[in-house]
Amino acid sequence: MLAFDDCWYGAAMPRDGFVGTLREGRYRVGTKLADGGMGAVYSGTHVRIGRPVAIKKLHPALAHQEEMVRRFQQEAEAAAAIGHPHIVDVLDLGVADDGGAFLVMERLEGEDLG
């Protein structure tokens, strides 16, 4: 059974089951920040040290497509290997309850370039 939240214009929207959960015993998932072609990005917190993080989760529809999961993992590995001040650091990689891979990145504050 789906749970619903009211959105700003009054229509009922399915509740995002990833929000508010604890991942890997360390990361509390906050609000959704953005939605893209491969996944969604959420605010989060490393609960043990209080560090703000961003959590990118592969869309559930792509979670069982081997090629998409491989590309997602390659993105995490490539970003983690670069170690450049102009590239967001990838801190961790995990799997959500629905099988969707997620990666944990440093969370940066700033303006949307758009």
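Modeller: Residues are numbered from 1 along each chain as its sequence is written, and side-chain values use heavy atoms, without hydrogens and water. In this predicted model, local features need pLDDT of at least 70 and side-chain atom pairs count only at pLDDT 80 or more, while totals for chains, interfaces and linings use all residues.

Colleague: Why is β5 called mostly covered?

Modeller: Buried means under 20% relative accessible area, exposed over 50%, partly exposed in between, with a 1.4 Å probe and protein chains only. In β5 (residues 39-46), six of the eight residues are buried.

Colleague: What joins β5 to β6?

Modeller: Eight bridges, again antiparallel, with β6 at residues 51-58. Ser 43 faces Ala 54 there. Four residues lie between these strands, and Gly 50 in the turn has a positive phi of about 75 degrees.

Colleague: What is the strand order of the open sheet, and which are the edge strands?

Modeller: The order is β3-β4-β5-β6-β8-β7, with antiparallel pairing. The edges are β3 (22-23) and β7 (90-95), since each pairs on one side only.

Colleague: What makes the twelve residues with Ala 54 a nonpolar core?

Modeller: Such a core is a set of buried Ala, Val, Leu, Ile, Met, Phe, Trp, Tyr and Cys residues joined through side-chain atoms within 4.5 Å. The largest has twelve, including Leu 58, Phe 72 and Met 105. Two or more residues come from each of β6, α1 (66-82) and β8. The largest share, five residues, is from α1. Another core, of ten residues, lies apart, with Tyr 27, Tyr 42, Val 53 and Ile 55 among them.

Colleague: Which residues does Leu 58 touch?

Modeller: Contact means heavy atoms within 4.5 Å. Leu 58 touches Met 38, Gly 39, Ala 63, Met 68, Val 69, Phe 72, Gly 100 and Ala 101, leaving out residues up to four places away in sequence.

Note on methods. Pairing = 2+ DSSP bridges.
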